[in-house]
Amino acid sequence: VHIAKESLKATERSIEEAYERNRIAKATHDGLVVKLANLKAQFREQIMEDGLKESNRWNEMYYKLLQWKENHDGDVLVGVDKDSDEDTKKLSRWVINQRSAYKYFMNGDTKHIKDHRIDALNKMGFVWCVADHVFQANVEELKQYHAENEKFDIPVKENKKLAAFVSRVRTAYANKQEGRAQHDLTDEKIEQLDAIGFKWGFKKSRKKTSSTSTAFDYDTQ
């Protein structure tokens, strides 16, 4: 019995020592992973900085966009209208081209834009998808409106843009509930609106209008 007890204690000590070795090994491994990630980030940063020092057309337009951002309250969309000058139009086209190149990049065709240029644009806060950017801005504005007014039903004459946004997402949601594809209203976007307590206005009834189209009554309470 005594020998068995000693053997049991020895086995327990061995297990504890093995656990401790594993803990140390895991801590060492995790530390090395973090160190490697930091080194990779530093390496990418250096490549980006070196790339931006080169004299070429892309860098010229990049710095023009950076200047535009500084002069226009952080805007990187570079919208144009009939009164925009030629330089602004050129910059706007360049911005659009970067978005197109990025779409190719994400689909595996990497010849249109380099990694370090994507990093440089990301660091600037570049908007790769205007639709997503606008959606996020509208959600934030809607969140603020609800905080101030405790409702999501917005009179058109009070805020035409935000009222139109609410109408669009409710219509898209109703269509999605009926099985019709709504690619612009993703599950992720629905979750974002759910997170602020948005009232979707579930369809209650269908009624005829004077035209050939159908209208919906929404429960927006």
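Modeller: Please bear in mind throughout that the model is predicted.

Biologist: What makes H4 a mostly covered helix?

Modeller: The count of buried residues in H4 is 7 of 10. They are His116, Arg117, Ile118, Asp119, Ala120, Leu121 and Met124.

Biologist: Why is Asp119 called buried?

Modeller: Asp119 has a relative accessibility of 19%, and the term buried requires a value under 20%. Asp119 therefore counts as buried. Its place is in H4, which spans residues 115-124.

Biologist: Which residues does Asp119 touch once sequence neighbours up to four places away are set aside?

Modeller: Asp119 touches Arg44 and Met48.

Biologist: What is found in the backbone just after H4?

Modeller: Gly125 follows there, with a positive phi of about 95°.

Biologist: Why is Arg180 described as partly exposed?

Modeller: The relative accessible area of Arg180 is 40%. That value falls between the limits of 20% and 50%, so Arg180 is placed in the intermediate class. The residue is in the loop between helix H6 (160-177) and helix H7 (187-195). Arg180 is also 154 residues from Lys26 in sequence and 49 Å from it in space, C-alpha to C-alpha.

Biologist: Turning to the aromatic residues, how many aromatic pairs does a search of the whole structure find?

Modeller: The search finds 10 aromatic pairs. In one of them, the rings of Phe198 and Trp200 have centres 4.9 Å apart and planes at 85°.

Biologist: Why is the Phe198 and Trp200 pair called edge-to-face?

Modeller: The centres, at 4.9 Å, are within the 6.5 Å needed for a pair, and the angle of 85° is over 60 degrees, so the pair is edge-to-face.

Biologist: How do you know that both partners are buried?

Modeller: Phe198 has a relative accessibility of 5% and Trp200 has a relative accessible area of 4%. Each value is under 20%, so both residues are buried.

Biologist: Which residues form an aromatic cluster?

Modeller: Trp58, Tyr62, Tyr63 and Trp94 form one such cluster.

Biologist: What lies over the face of Phe135?

Modeller: Lys189 does, at 4.9 Å from the ring centre. That distance is within the 6 Å cut-off for a charge over a ring.

Biologist: What is the pattern of elements along the sequence?

Modeller: The protein has 7 helices and 2 strands, in the order α-α-α-α-α-α-α-β-β.

Biologist: How does the radius of gyration of the protein stand against that of a compact globule?

Modeller: A compact globule of 221 residues would have a radius of gyration near 17 Å, whereas the protein has 28 Å. Its C-alpha atoms fill a box of roughly 95 × 60 × 35 Å along the principal axes. Of the 221 residues, 26% count as buried.

Biologist: Where is confidence lowest, and where is it highest?

Modeller: Strand S2 (residues 214-219) has the lowest confidence, at a mean pLDDT of 40, and helix H2 (residues 57-71) the highest, at 98. Over residues 203-221 the pLDDT stays under 50, and the model has 32 contacts beyond four places in sequence for them. For the protein, the average pLDDT is 89, and 90% of the residues score at least 70.

Methods: Residues are numbered from 1 along each chain as its sequence is written. This is a predicted model: local features need pLDDT of at least 70, side-chain atom pairs count only at pLDDT 80 or more; totals for chains, interfaces and linings use all residues. Side-chain values use heavy atoms; hydrogens and water are left out. Rings of Phe, Tyr and Trp (its six-membered ring) pair if their centres lie within 6.5 Å; planes under 30 degrees apart count as stacked, over 60 as edge-to-face and the rest as tilted. Buried means under 20% relative accessible area, exposed over 50%, partly exposed in between (1.4 Å probe, protein chains only). A charge sits over a ring if NZ of Lys or CZ of Arg is within 6 Å of the ring centre and within 35 degrees of the ring normal. Helices (H or I, at least four residues) and strands (E, at least two) are DSSP runs, numbered from the N terminus. Contact means heavy atoms within 4.5 Å. pLDDT is the predictor's confidence in each residue, from 0 to 100. The radius of gyration is taken over C-alpha atoms; the globule rule is 2.2 Å times the number of residues to the power 0.38.
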